[in-house]
Amino acid sequence: MNAIPSSARVLTATDTSRMIMEYLALPTMQALGNSSHRSQTTFVSASKARFSSITRRFFPNNWLELPATLAQNKGVITGSAALEMLRGEIHDEPRDLNVIVAAGHLSAMEGWLFGIGYEDANGFHIQRPLSKFVVEFKVYKAGHRLVTLSESTSPDIAEIIVRSPSTADMTFMTAGGIVSLYPTWTMRSESVVSQAGARAWRDGVRFGSINAERETTYMDNAFMDESCGPRCPSLWRNLRSDKNILMLDWDEHYSIRHIVQSSRTEWRLTRKCANYHCNHYQFARVVGTTFWEEGMPPTIHKIEDRERDIASHFPDQKLATGYKSMLYTVSCLEPIIVNVPLIEGTATYREFEDLYVECWVRQRGYGDCSARRIDLRETFRAIPAAQGLPTEHAYTILVEKPSPILLPNLLIDSMYSPSNGSQVYGNVLVLKHKNDPVLTPCDMRERDKALVDFILGW
Ligand SMILES: [Zn+2]
């Protein structure tokens, strides 16, 4: 019998499982990690090791500083490095490392790069669809290594991510967690071009981080052989509450959870679904677009039409489950009580974004695929001008996204004629809620009108 030489390293069970884990896709690693405390420890250490081996190629002497530097600058890594992390396929020749930092953090991150031997690399340009959302885009090189740095115009980094040219690019990570907005396709190395990407494609611009040899790229989702369900690319999604995104954390210190949970960004991949098996495809075929994009109803007859549209568009969701709210349209003589349903696929109210207010006030630009609506509403929990006298209920006033095509709201104008001469454009919707933290909606009654008038007049 051969004795094991004392100098040889004996592999422990943990070593073996870690070696196996190094080759697995991250979601599989995490699933294995959940099986026992020991496996969880292995998942954590294997994930940290994978993150290090990916980033070490760009910062061979300073990779240990990267996690904290990234966190201090509210930065995330996107592109091929994030895909390698997710899929566990680490390639020998890394292209570039793409970093996005929050507004105001470019110079600190740049200082770190200069300090460790990187210098400016000229001749690179940002992809055009993203330019509106980036304060500055710079590229740095050290030898053959390239790092791109984008400074977001917004503290919400997701605003850039959702404008990526394809679903594969909508994967981003910190040093402790990763998010993929389209995990099913991304794990299968399939990607679908976004509306912003389709424009770049037509303009002949370099195409995100997609590597044509490793990725199957589709121009739309016509390849799907079953209904899209709630993942339909034409439906608006919300980063914070979406159940279909993949979010994995392996290091609590650098968790990605807070980036997701503080995000107010909404997005959809394209305006129209190209999947024959999806009911949104059929709807787009008949009407040409989704009905809330036709324009907001200005008159009483249009309001009745819209109520019928909602009922027929959501056959499985009775209008009765919606909440009665007060609508001030641009050309009605008095406010009208209308139903605000919950968004498709939502059975019970959890948060404000569950309300389908877009039936009545257009809060997203025509044809847009990303939006931030939080600035277009204001909630009153107390009566303004009355020393903050608390009200029994809370009321939220919603306005439409500013646009040159909006008409002045003559109803608001005739009722209040604001003393400062400011003009309200477009429809105005007022919702009533319980005065609780989640703003649980309740039905507006005629008797609420006096108080709503008072708040609106303010
Ligand atoms: Zn669809």
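Below is a chat about the helices, strands and a few residues of a predicted model.

User: Hi! How many helices and strands are in the protein?

Analyst: Hello! The predicted model has 15 helices and 19 strands.

User: And what share of the residues is buried?

Analyst: Buried residues account for 38% of the 458 residues.

User: Let's talk strands. In what order do the strands of the open sheet come?

Analyst: The order is E3-E4-E5-E2-E1-E6-E7-E11, which is eight strands with mixed pairing.

User: Which strands stand at the edges, and why does one side of each have no neighbour?

Analyst: Those are E3 (119-121) and E11 (246-249). Each has a single partner strand, so one side of each is left without a neighbour in the sheet. From one strand to the next, the twist averages 30 degrees.

User: What holds paired strands together in general?

Analyst: Strands of a sheet pair through backbone hydrogen bonds, and the pairing can be parallel or antiparallel.

User: Then do E1 and E6 run parallel or antiparallel?

Analyst: Antiparallel: two bridges join E1 (residues 76-78) to E6 (residues 171-173). If you want a spot to look for, Thr78 stands opposite Phe172 in E6.

User: Nice. Which strands does helix H5 lie across?

Analyst: H5 (residues 80-87) lies across E1, E2 (96-101), E6 and E7 (177-180). The helix runs at about 85 degrees to E6.

User: How do H3 and H5 pack?

Analyst: Helix H3 (residues 37-56) packs with H5 at an angle of about 150 degrees, and their axes are 10 Å apart. An angle over 145 counts as roughly antiparallel, so that is how H3 sits relative to H5. Their crossing is right-handed.

User: Which residues meet there?

Analyst: From H3 you have Arg50, Phe51 and Ile54, which meet Ala81, Glu84 and Met85 of H5. Sorted by class, this contact has four nonpolar, two charged and no polar residues.

User: Now H2 and H3: at what angle do their axes cross?

Analyst: They cross at roughly 150 degrees, and the axes of H2 (residues 26-33) and H3 come within 7 Å. That makes H2 roughly antiparallel to H3. On the H2 side the contact is made by Leu26, Met29, Gln30, Leu32 and Gly33, while the residues from H3 include Phe43 and Ala46. By class, the contact of H2 with H3 has five nonpolar, six polar and no charged residues.

User: Changing topic: where does Ser227 lie?

Analyst: Ser227 is in the loop between E9 (216-218) and E10 (237-238).

User: How many other C-beta atoms does Ser227 have within 10 Å?

Analyst: There are 15, and Ser227 is partly exposed.

User: What is Ser227 in contact with, leaving aside its neighbours within four places in sequence?

Analyst: Ser227 is in contact with His277 and Cys278. Asn275 is another residue to look at: Ser227 and Asn275 are 48 residues apart in sequence, but 7.4 Å apart in space, C-alpha to C-alpha.

User: Last one: where is Arg199 found?

Analyst: Arg199 is in helix H10 (residues 195-202). Arg199 counts as partly exposed, with 15 C-beta neighbours inside 10 Å. Pro165 is 34 residues from Arg199 along the chain, and their C-alpha atoms are separated by 8.7 Å.

Key. Residues numbered from 1 in each chain as written. Predicted model: local features only at pLDDT ≥ 70, side-chain atom pairs only at ≥ 80, totals over all residues. Pairing = 2+ DSSP bridges. Helix = DSSP H or I, 4+ residues; strand = E, 2+ residues; numbered from the N terminus. Axes fitted to C-alpha atoms, helices over the stretch in contact; angles between N-to-C directions. Contact = placed C-beta atoms within 7 Å. Buried ≥ 20, exposed ≤ 12 C-beta atoms within 10 Å, placed from the backbone. Parallel < 35°, antiparallel > 145°, perpendicular 65-115°, else oblique. Left-handed = near helix turned anticlockwise from the far one by under 90°. Nonpolar A, V, L, I, M, F, W, Y, C, P; charged D, E, K, R; others polar.
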